[in-house]
Amino acid sequence: MEEEEMESRDLYLEEQEARRPLSMHPMKFATWLFIVSIVMIFAALTSAYVVRKAEGNWLEFNLPDMFYYTSGIILLSSVTMHLAYYSIKRDMFERAKIFISVTVILGLVFCYGQFVAWGELVSNDVYFVGNPSGSFVYVFSGLHGIHIVSGIVFLIIVLINIFRSKIHSKNMSQMEMCTTFWHFLDGLWLYLFGFLILNN
């Protein structure tokens, strides 16, 4: 009799577990929704680039050398961001603060480098207004730069919360969201730069 009761109890618990909806932290869901919306925007822009190029009247020019340097900078920032994540996971707060601070600095250097790259474009007579081939480069890099700025703001918020002891190994949600978003932005730039190299 006891065995039957235990079996029925186990079956009941399994049924309840199966019926329980998959849950996600609301802010994590919002972050992923934001990432998906960014993907859709840039997918539409790259598609428009290909379609417009096929129509002709397309200016050929070399991409700024600075784009290669900023790509290296953004890759390095992904490394420091990941080191910050693992530091928090092990409650190594001082290391985490250093790595996040370095990531913020690299993000700012990246933005400055993109601005310098625009100067290179202008010196080569490639302007925002004019041939659409140049306009797309400004739109890609500028729109991505805006999102990098939002990522830097997120990093600063995380850094402040680490100083306030609000982020630690038992409370990783905000750190996970920030890490995911930053890696996404890094990957997005590498995709855009690769796309421009192949299609310019």
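**View 1. Gln114 of helix H4 and its contact partner Thr70.** The model shown is predicted: local features are reported only at pLDDT of at least 70 and side-chain atom pairs only at pLDDT 80 or more, while totals for chains, interfaces and linings use all residues. Residues are numbered from 1 along each chain as its sequence is written, and side-chain values use heavy atoms, with hydrogens and water left out. Helices (DSSP runs of H or I, at least four residues) and strands (DSSP runs of E, at least two) are numbered from the N terminus. Gln114 counts as buried because its relative accessibility is 5%, and Thr70, at 0%, also counts as buried; the term buried means under 20% relative accessible area, exposed means over 50%, and partly exposed lies in between (1.4 Å probe, protein chains only). Thr70 belongs to helix H3. The C-alpha atoms of Thr70 and Gln114 are 7.0 Å apart, although the residues are separated by 44 positions in sequence. Contacts are heavy atoms within 4.5 Å. Apart from neighbours within four places in sequence, Gln114 contacts Phe67, Thr70, Ser141 and Trp189, and Thr70 contacts Phe110, Gly113, Gln114 and Trp189. The side chain of Thr70 also reaches the backbone oxygen of Phe67 at 3.0 Å. This is a polar contact, that is, a pair of N or O atoms within 3.5 Å; within protein, one atom must be able to donate a hydrogen and the other to accept it, and residues adjacent in sequence count only if both atoms are side-chain atoms.

**View 2. Trp118, a further residue of helix H4.** With a relative accessibility of 29%, Trp118 counts as partly exposed. Its contacts, leaving aside neighbours within four places in sequence, are Tyr138, Ser141 and Gly142. Between Trp118 and Gly142 the C-alpha distance is 9.4 Å, for a sequence separation of 24 residues.

View 3. Asn131 is placed in the loop between helix H4 (93-123) and helix H5 (132-163). A polar atom of the Asn131 side chain lies 3.1 Å from the backbone nitrogen of Leu59. Not counting residues up to four places away in sequence, Asn131 touches Asn57, Trp58 and Leu59. Most residues other than glycine have a negative phi. Asn57, although not a glycine, has a positive phi of about 55°. Asp91 is partly exposed, at 34% relative accessible area.

**View 4. The largest nonpolar core, with Val158 among its members.** A nonpolar core is a set of buried Ala, Val, Leu, Ile, Met, Phe, Trp, Tyr and Cys residues joined through side-chain atoms within 4.5 Å. The largest such core holds 50 residues, of which Ile100, Phe140, Val158 and Met175 touch the most other members. H2, H3, H4, H5 and H6 each supply at least two residues of this core, and H6 gives the most, with 13 residues. Leaving aside neighbours within four places in sequence, Val158 is in contact with Ile100, Ile167, Gln174, Met175 and Cys178.

**View 5. The largest pocket and its lining of 16 residues.** On a 1 Å grid over the protein atoms alone, a pocket is an open set of points with protein on both sides within 12 Å along at least five of seven lines, whereas a cavity is a set of points where a 1.4 Å probe fits but cannot get out; lining residues have an atom within 4 Å of a point. The largest pocket has a volume of about 240 Å³, volume being the space filled by probe spheres set on the grid points, which are joined across faces, edges and corners. Of the lining residues, Met27, Thr31, Phe154, Gln174 and Met177 lie nearest the pocket centre. H2, H5 and helix H6 (173-199) each supply at least two residues of the lining. By class, the lining has eight nonpolar, seven polar and one charged residues; Ala, Val, Leu, Ile, Met, Phe, Trp, Tyr, Cys and Pro count as nonpolar, Asp, Glu, Lys and Arg as charged, and the others, Gly among them, as polar.

**View 6. The chain as a whole, with six helices and zero strands.** Of its 200 residues, 40% count as buried. Among contacts between residues at least 6 apart in sequence, 82% join residues at least 24 apart.
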